[in-house]
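Dear colleague,

I am passing on the structure that we spoke about, and below it I have written out what was found. Please read the notes with the model open beside you.

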Amino acid sequence: MKTYDSIYVDGRWRSPRESAFLEVENPATEQVIGKVPLGTAGDVADAVNAARRAFPAWSRAEVDERLEYLSRLRDVLAARHEDLARTVVAEVGAPIGFARKVQAGLPIAVTTSYLEMLPAFEFTERIGSSTVVKEPIGVVGAITPWNYPLHQAVAKVVPALAAGCTVVLKPAEAAPLSSYLLAEAMHDIGLPPGVFNLVPGLGAVAGEALAAHPDVDVVSFTGSTRTGRRIGELASRTAKRVVTELGGKSANLILPDADLHQAVTTGVAYAFLNSGQTCTAWTRMLVPAAQYDEAVVLAAETAEGHVVGDPLAEGTALGPLISAAQRQRVLGYIAEGLAEGARLVTGGAESPEGLHVGHYVRPTVFADVRPDMTIARQEIFGPVLSILPYTDEDEAIHMANDTIYGLAAAVWSTDLERAQTVARRLQAGQVQINGAEIDLCAPFGGCKQSGSGRELGRYGLQEFLQTKAIHGAGGH
Ligand code: NAD
């Protein structure tokens with residue numbers, strides 16, 4: 001049991017204004033494994049004030065000085081890699097191998113990418129006779145979800161600090177423990193007081209207070225589209241910048257000349273990543289009608305090969321869902337799929353065999369899904385894949401784009417030129433061709449109701465910078 005009774009404000013661990021706590025559950029054992037304070041609006045205000053006081057000195061520090069801190073941060077995170085991975089396993093239920101590689105590995109890799117990128121970043125630009133300077137925007141309110149809790153915190157905090165901003169982080173209720181390890185790391189590297197602050201708490205209380213606070217200059221938010229809209233409303237009252245990374249319903253478009261086996265097996269794995277609790281999960285597989293039956297059989301076989309169970313056991317592909325409520329939500333979608341006439345080819349609403357404790361859901365595949373069905377339209381956030389047939393390329397592209405979301409997509413074809421052409425016609429922030437790896441320096445984000453922010457690399461850095469044009473300063 002990990003009990004944290006402090007919040008991290010102004011470079012020190014201090015008591016919250018009220019002593020109420022949030023319990024953290026291990027979704028595999030259903031045991032309470034930790035407690036963190038329920039931060040209040042007053043705690044958020046204290047943290048924002050500390051960040052505001054720290055901003056002038058931090059924003060004027062040389063880039064080399066900021067790099068030095070971030071380099072130490074990377075080293076501390078790397079030294080605690082196993083601890084970070086096990087903490088995320090405990091609070092999220094992600095399988096240990098995946099947690100080591102992605103949940104803990106990615107934040108370290110992202111930090112490293114900024115160490116490599118920052119020295120070459122041009123903070124000053126000449127336009128005609130003017131000088132354009134890119135300056136840190138100010139105090140950042142970072143609000144993060146639970147599915148990749150450490151990665152999402154680091155993908156905001158590291159570029160914000162690199163830009164010269166100061167930060168208040170409000171982690172998700174369900175998985176705040178890894179953010180405590182991040183705060184410990186910030187303390188260990190001797191970051192100046194107030195540059196990084198951590199206040200956990202409820203979205204409706206601490207989250208709203210942070211989004212609405214007049215002294216916060218930018219809210220960087222990752223989470224559901226619904227919450228993103230609310231944050232936009234709150235932030236608009238002080239006309240602050242809002243950077244949003246929201247939900248998705250991503251299409252995996254398999255063209256007729258694709259390697260069907262590779263496309264389907266990789267596609268299933270992507271749909272079930274982190275038990276399907278991944279914003280970019282390819283949850284709609286679009287298959288040419290002529291290859292449909294073959295693809296459905298292959299997808300079902302692949303799904304059945306995904307071992308569900310104890311996230312700490314090697315070989316587990318799917319751990320539990322985050323909570324009983326999330327499991328109920330996902331089972332509701334499975335019931336709705338059946339009621340609307342989709343064909344269940346594997347999985348379903350019963351608990352996986354032998355797993356009576358933990359919020360487990362069977363890897364589930366639906367065939368004969370029509371584009372207007374609920375399971376084809378709404379983000380399920382569980383291991384549920386819908387397979388839809390199409391007749392020609394134009395129809396497939398129309399189906400892929402026929403959604404309020406626009407986060408990610410995949411295209412499979414042996415003709416790379418054709419794949420590129422299709423990729424350009426897809427409304428999505430990123431498209432992976434033939435399962436290509438994502439480059440950590442390329443921008444990550446969405447369009448339409450998946451949000452408009454960008455994270456990672458220099459595009460991620462720019463979200464925390466504002467431009468100032470200085471005219472008449474001559475050539476320097
Ligand atoms: P959520 O929107 O419920 O919560 C996200 C964060 O917002 C939490 O910290 C929560 O406390 C806070 N919050 C909730 N209500 C708030 C309010 N009224 N004001 C301010 N803050 C508030 O989302 P979740 O359930 O934690 O995460 C799942 C969602 O996140 C999914 O929709 C998923 O697609 C999305 N997501 C998007 C990305 C991306 O990069 N686009 C990445 C991961 C997850």
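Which two side chains meet in a salt bridge at 4.0 Å, N to O? They are those of Lys134 and Glu125, where a salt bridge is a side-chain nitrogen of Lys or Arg within 4 Å of a carboxyl oxygen of Asp or Glu.

Before going further, please keep in mind that this is a predicted model, in which local features need pLDDT of at least 70 and side-chain atom pairs count only at pLDDT 80 or more, while totals for chains, interfaces and linings use all residues. Residues are numbered from 1 along each chain as its sequence is written, and side-chain values use heavy atoms, with hydrogens and water left out.

Salt bridges

A search of the whole structure finds 24 salt bridges.

Another of them is formed by Asp217 and Arg52, whose side chains meet at 2.5 Å, N to O. Asp217 lies in the loop between α7 (203-212) and β11 (218-222), and Arg52 lies in helix α1 (residues 41-60), so this pair ties together parts that are 165 residues apart in sequence. Helices (H or I, at least four residues) and strands (E, at least two) are DSSP runs, numbered from the N terminus. Asp217 counts as partly exposed at 23% relative accessibility, and Arg52 is partly exposed too, with a relative accessible area of 25%.

Lys468 and Glu135 also meet through their side chains in a salt bridge, at 3.0 Å, N to O. This pair links distant parts of the chain, since Lys468 is in strand β22 (residues 465-471) and Glu135 is in strand β7 (residues 130-136), 333 residues apart. Lys468 has a relative accessible area of 38% and is partly exposed, and Glu135, at 25%, counts as partly exposed. Finally, a network of salt bridges links Arg14, Arg17, Asp43 and Asp46.

Strands and crossovers

Strand β8 (residues 139-143) runs parallel to β9 and is joined to it by 5 bridges, two strands being counted as paired if DSSP finds at least two bridges between them. Within this pairing, Ile143 stands opposite Lys170. The chain passes from β8 through helix α5 (residues 149-163) to β9 in a right-handed β-α-β crossover, which is to say that, with the strands pointing away from the viewer, the path from the first strand over the helix to the second runs clockwise.

On β9 there is also a parallel pairing with strand β10 (residues 196-198), over 3 bridges, in which Val168 stands opposite Asn197. The chain crosses from β9 to β10 through helix α6 (residues 177-188), and this β-α-β crossover is right-handed.

In strand β13 (residues 251-254) both faces are covered as well, for Ala251 and Leu253 on one side and Asn252 and Ile254 on the other are all buried. β13 runs parallel to strand β14 (residues 284-288), with 3 bridges between them, and parallel to strand β18 (residues 408-412), with 4 bridges. Ala251 stands opposite Arg284 in β14 and opposite Ala409 in β18.

The ligand

What surrounds the ligand? There are 28 residues around it, and the closest are Lys170, Glu173, Ser224, Leu246 and Glu379, a residue being counted if one of its heavy atoms lies within 4 Å. An N or O atom in the side chain of Ser224 is 2.7 Å from an oxygen atom of the ligand, and a polar backbone atom of Thr144 is likewise 2.7 Å from a ligand oxygen. The protein covers 88% of the 850 Å² of accessible area that the ligand has on its own, as computed by the Shrake-Rupley method with a 1.4 Å probe.

Methods. Buried < 20%, exposed > 50% of the residue type's maximum accessible area, 1.4 Å probe, protein only. Polar contact = N/O pair within 3.5 Å; in protein donor to acceptor, adjacent residues only side chain to side chain.
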